[in-house]
Amino acid sequence: MINSLFLINPSGEIFLEKHWKSVVSRSVCDYFLEAKEKALEPEDVPPVIHTPHHYLISIYRDKLFFLSVIQTEVPPLFVIEFLHRVAEMIQDYFGECSETVVKDHMVMVYELLEEMLDNGFPLATESNVLKEMIRPPTILRSVVNTLTGTSNVGDTLLTGQLSTIPWRRAGVRYTNNEAYFDVVEEIDAILDQSGTTVFAEIQGVVEACVKLSGMPDLTLSFMNPRLLDDVSFHPCVRYKLWESERVLSFIPPDGNFTLMTYHVNAQNLVAIPVYVKQSISFFECGSDGRLDVTVGPKQTMGKTVEGVMVTVHLPKTILSINLTATQGSYTYDNGTKVTTLWDIGKLNPQKLPNLRGSLSLQAGAPKPEENPSLNIDLKIQQLAISGLKVNRLDMFGEKYKPFKGVKYITKAGKFQVRT
Amino acid sequence: MLSMSTNNLSYSDQGGTDSAVEVGQETTPTSSNAGAGFGLFSVDFKKNEDLKEMLESNKESLKLEAMKRVVGLIAKGKNASELFPAVVKNVASKNIELKKLVYVYLVRYAEEQQDLALLSISTFQRALKDPNQLIRASALRVLSSIRVPIIVPIMMLAIKEAASDMSPYVRKTSAHAIQKLYSLDQDQKELLIEVIEKLLKDKSTLVAGSVVMAFEEVCPDRIDLIHKNYRKLCNLLVDVEEWGQVVIISMLTRYARTQFTSPWKEDGVFDEHNERAFYESDEEKTRDETEAKPYMMDPDHRLLLRNTKPLLQSRNTAVVMSVAQLYWHLAPKNEVSIVTKSLVRLLRSHREVQYIVLQNIATMSIQRKGMFEPYMKSFYVRSTDATHIKSLKLEILTSLANEANISTILREFQTYVKSQDKQFAAGTIQAIGRCATNISEVTDTCLNGLVLLLSNRDETVVAESVVVIRKLLQIQPTQHSDIIKHMAKLFDNITVPMARASILWLMGEYCERVPKIAPDVLRKMAKSFTSEEDIVKLQTVNLAAKLYLTNSKQTKLLTQYILNLGKYDQNYDIRDRTRFIRQLIVPNDKNGALSKYAHRILLAPKPAPVLESAYKDRDRYQLGTLSHTINTKASGYLELSDWPAVAPDQSVRNVEVIEPVKEWAPSLGKTVKSKPAKSSDDKFYSDSGEEEEKGSGSSSSEDGSSSSSSEESGSDAESHVQKNSSQTSEESDKSSSQSEKSSSESDSEKKERKTKTPLQKKTVKPTAKDCDSDENGNVAKEANSSSAEESSSDSESDSDTHTDSDSGTEHKKKTKSKAKPKVEVKSTKDVSLLDLVTPAPVTQHKSSVLSPSLLGDLEGLSLSNVSSTIQLSGPAFVPEKSHDLLHRMTGKGLSAQYQFPRQPCLYQPTMVSVQISLTNTTDHPLEQIHIGDRSPTGLNIHCFNTIECLEPEASVTVFMGIDFNDSTQAANFQLCTKEDHFSVSIQPAIGELLLPITMTELDFRKEQGKLLGMNESSATITMAAENMTSQPISRPVATVANLGMVPSSQDNVHRFAGKTANSGAVVLVTVELRGESTALITINTEKSVMGSMLLRDLKLALAQA
């Protein structure tokens, strides 16, 4: 299946390679680098490239290219999914996934990759199984390791991989037993010039942080599970029970994991928490334009809207801008994409934040055809915009009493205002 | 790599700087540039010398440090092969980390240094015999990864041995090794196929994915190896790890296409029928459909569809996609749409995932617009999308366009046209063009819109518009001369060559419609001819020629002028064309023959271009494959065959399992039979203390299969009941705390109670069934309490939870399995709940091929032998017959059917469970389906939960419990939807009011002795001689009444036992065959009315038989 993996940084340097079958020369990456050159943005590099002898499937994530070399037919999603798991694994082990981190932990990353695939077929992709084999570095451990000469490689025999619950390792012990669930909902929306909703939907995810000893068996139920239209689960969730009774019953993995993702029933109208009044205009003659954006709260269910950020993708012909914000600050980036990022912060309904000023175009450039679109970012604490509520969490199988907590957050997902 | 290594070596000869190793490391170039300079290589060499010393030292920590650096070199793609001798010495190290690193190194370089690699082999051979399964596995893994041809025989031997290892993990590794060996030496194919065949039979979920992968790689054409394992694989699928699922699903897709007939014929006929059948048991369907329909889906085909459906909820996008393609290629057309939602969900995932999924949706949406139309807005383009995503979305939107939504789509397109991404804007214009040709209603609107775009400031947009307009006009040439005029007017402002050429071509082609304008355009072109692009020049020549033919009076001179210009053009194409045209149109003596036809040559009617999707022909590849993505055949792509016209023999998938049939026969001694095989499995697990984990796994896989054999939706609750048996005490706690559920304290309470383990069981539940041994007592009570205490379906779900987690269960399980055989005897009445486990109730007499083998599969899967012993009192036979509850005509489109699943009711033991299938045959969703008023008023019904919404064409199966009070009086109630009420009634046959029980012959006689006189009714009937053997007798009896068989010592006497659901009165049936063709039926029960009614039914049934 997967023959080799190359990690490539945005400038085209290959800084890690791993082969699971015969070695493939890294010159195969040239095809990819060529395609990368052609693409305007790293995101535009086609994920699947067909070369005379190999197929290159790549992902771009965290400013890194993960390029896999394939020799025979394989479902492309299989490879893509795996590559993302590799990125997630690096993130999980070292806190972030970046070139420096990988370079710092080259050997460990290599060992992990060795364990994840056998002959190109995934062997152990569950983070807890891997962690049992190769312990993630901690500051304390690295100090101890250097002093005592012990290592990060687990010498215990892995039980996780052998069990039918591969996601949980045996013998977990905590002094404080806690289980936290974050219900995070994202609003994906497209609003048109007049502020009417072209398209809106809510996507949610239940993130869990479970630190419980032993083999707890949890049951999470919702007040209004009917809201959920389409769901996908962590493998630990018993699907049959969800189907028959709409409860999530599972033996949780240890630590952080995504319990479920869901899509809220399309029939429910989506409450849009903010409105945006904007006018961006370019004068027909001369090389000037005006920008005026105001953001205000709309349907917020009485909560404060925080972390509001507006990103304006301006036309490339903009030369400079001169804006003033009544609240927050704005930055202007004149790189490959001309963007203005306006960081507003908390929305105050009494005094609506406003950003206005003038734009100046390159001399002689024609008036831009399209007005730039605005991307909105926001956050509302303690509110799940769909109205989803966790009813209760029960634990069976262990005798202690865990500390339980649920948090709701609403965020803007791909929230776009057309102008 | 090899070339690099030689480089390195040769350079290293000159090396010799004494720079420190640390410095060398820092300056190491990370790029692949091999010619970076001597200095660097010499540093490398120097460092390697240093590493060699470290590796040969005695200090473990030094070695480790060295190995780490060596592996670091490998990771960076540097050559470290000359360290091989030093490294390989450490292969037998005690230090696990060091060992692992050495393994990593070995696997990387063994191929290059084969002789030296052989030094390590003996270490692995020793490790292959290690008592620890993980060491065995890792030894095999490394051994098989060393690509040295000389060790092929050793590998072969190791694989063979590992394939029969006790540990499934080692067996999994051996499946991986098969592929490695095969790629090393293809001659081993035959031997390897033998191993694959063996591993395919493996029942462990760990092995399944890997061995199927090996199968796909080594012998994908040996489809015959799959037959016997097909059902097992289907049933295991849910529990296989996610990557294995993908491989198995794609293999099964291919398999199904060769083995089943197409479900796509006569779509209309079985639409509705199939939809309903989906939720029913296979037996059900086979019978129904043989009666009514020509097409009958193979039960195995259905099994596959049903078992893959839950995987649509997987978090792994590859799994979801593979299920989607399976449905696309295998499911009846009306079922394919269930994958839509999941595919749309994947669009939220990473960009690369979106790309692949959108590609597949693009292919799907061409053939099946309806599937994705409701989700049209999910394909709206955002300005932040990557270019390839944008164009795919555009593609899909275009495919989805129809009369109803075209206005919305066009409005959306309008926004896209203004996009800053001009490439995308151009794509949008093409999309508009396609919409315009596909939907004739909007052609004019689109044309007008495109004409407006001609005044756009952006050239690419204008050019694209012109090209698209040209294509549109070609399709509808009759009108629109004003558009041509308009374009002629714009001609001066358009600079893009392609667009100019297009306009010129239009002028020429339709010059008769614009007789005045065309010559003028030609005049302008003559003026600017020299400064035009080649393509424009060519079209100018064309235009001139056409005008010359149609309007020579006005354009003769102009044409000659242009031809003269062309004659001396720099481009030979243009010179050629000019010469050709001149000869063709300008009459002279030589070419008279040709110029006669000039008009017909130049102004021949041209076929309109067809604007169609780029994804049109992608459907020749299987969806979700690499070949589909790149639109060429990837190496190793396996064609999906067409459906066979006639289905190959179905019976090849039958697994010979005579034993299970025997086991169901009511002889108690045999039931223990399946135990030995199981215990060997357990042995392996018991050492690592994972018995219960295995338990949960295998029992949950049983969930899948048992439900598959009974019914889809509602039955999962029942299947857990097996587990309940071990956990009933908590269970009852639960049901008691059910009421307090709202109070947040209850869980702590529960915990408290749980701590009072077996002891509590005894004390809390006073039952009459306390008997001799402790353990027996417990178990009997458990069963009892579970049947008594279960009041809501909620409680079951929770109990399932318990078994998996409670580490304390282990010992309980053991005791239970010991106790089991006896339980049978003692707890005649109480075991009933456990009966639920019975997978695919004994249909051994039925024609259906599915169930016996299914059961065979199940048997291997279940951990404890609970199920096989308990089967004795499971329903001997479940009739497939379903009855109409509400016809769709009277129900205004809502149709309902009911049947008796013959399972003890979960809600209350006195109830009879009824399975109702509701189908919406209308075209709008039905909301809030629930049960309303009932009569007689005292009627005790456990309603099903209100169904919020039933989509059109969808059906749902629900369960309800009805207490018939041991009478055949009909239960009347109202089935309500949001708007309507329909009165319906269920009239049970007398035989359905019974529950089967088991007892020994002795007990049977004892009971019979108590029920003589008034309580006995009997009759003599005549029946055909060939039906005198036992099988035909038990079948009609089982069909009529839900009775269990009682072993009989006499050949001609058959005994059946049951109890009434409500009062629990024992019903004993004896059929005694006498002489040639007569039989005496005797029924003993204190419910004499029921007895006589049952007698009547039995008489009728047996006389027929």
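## Strands and helices in chains A and B

Among contacts in chain B between residues at least 6 apart in sequence, 69% join residues at least 24 apart. This figure, like the others in this report, comes from a predicted model. Chain B contains 51 helices and 15 strands. Of its 1105 residues, 60% are buried. The accessible surface of chain B comes to about 42,200 Å², and carbon and sulfur atoms account for 52% of that area.

**A buried strand in chain B**

Strand 7 of chain B spans residues 955-963, and eight of its nine residues are buried, so the strand is largely enclosed by the rest of the structure. Strand 7 of chain B is joined to strand 3 (residues 912-920) of chain B, which runs antiparallel to it. Strand 5 (residues 940-942) of chain B also pairs with strand 7 of chain B in the antiparallel sense.

| Strands | Sense | Bridges |
|---|---|---|
| Strand 3 and strand 7 of chain B | antiparallel | eight bridges |
| Strand 5 and strand 7 of chain B | antiparallel | three bridges |
| Strand 1 and strand 5 of chain A | antiparallel | six bridges |

Individual residues show how the strands line up. Met960(B) in strand 7 of chain B stands opposite Val914(B), while Ile962(B) in strand 7 of chain B is the bridge partner of Ile941(B).

**The sheet of chain A**

Chain A forms an open sheet of five strands in the order 2-1-5-4-3, with antiparallel pairing. Its edge strands are strand 2 (14-19) and strand 3 (48-50) of chain A, each of which pairs on one side only. From one strand to the next, the twist averages 20°. Helix 20 (residues 351-367) of chain B packs on this sheet, touching strand 3 and strand 4 (55-61) of chain A. The direction of helix 20 of chain B makes about 135° with that of strand 4 of chain A. Within the sheet, strand 1 (residues 2-8) of chain A is joined to strand 5 (residues 64-70) of chain A. Leu7(A) stands opposite Phe66(A) in strand 5 of chain A.

**A pair of helices in chain B**

Two packed helices are described by the angle between their axes and the distance between the axes. The axes of helix 30 (residues 534-550) and helix 32 (residues 572-585) of chain B come within 10 Å and cross at roughly 5°. Helix 30 and helix 32 of chain B are therefore roughly parallel to each other, as angles under 35 degrees count as roughly parallel. Residues that make the contact include Leu538(B) and Val541(B) of helix 30 of chain B and Ile574(B) and Ile581(B) of helix 32 of chain B. By class, this contact has eight nonpolar, two polar and four charged residues.

Terms used:
Residues numbered from 1 in each chain as written. Chains lettered and ligands numbered in written order. Predicted model: local features only at pLDDT ≥ 70, side-chain atom pairs only at ≥ 80, totals over all residues. Heavy atoms only, no water. Pairing = 2+ DSSP bridges. Helix = DSSP H or I, 4+ residues; strand = E, 2+ residues; numbered from the N terminus. Axes fitted to C-alpha atoms, helices over the stretch in contact; angles between N-to-C directions. Contact = heavy atoms within 4.5 Å. Buried < 20%, exposed > 50% of the residue type's maximum accessible area, 1.4 Å probe, protein only. Areas by Shrake-Rupley, 256 points an atom, 1.4 Å probe, with all protein chains shown as cover. Parallel < 35°, antiparallel > 145°, perpendicular 65-115°, else oblique. Nonpolar A, V, L, I, M, F, W, Y, C, P; charged D, E, K, R; others polar.
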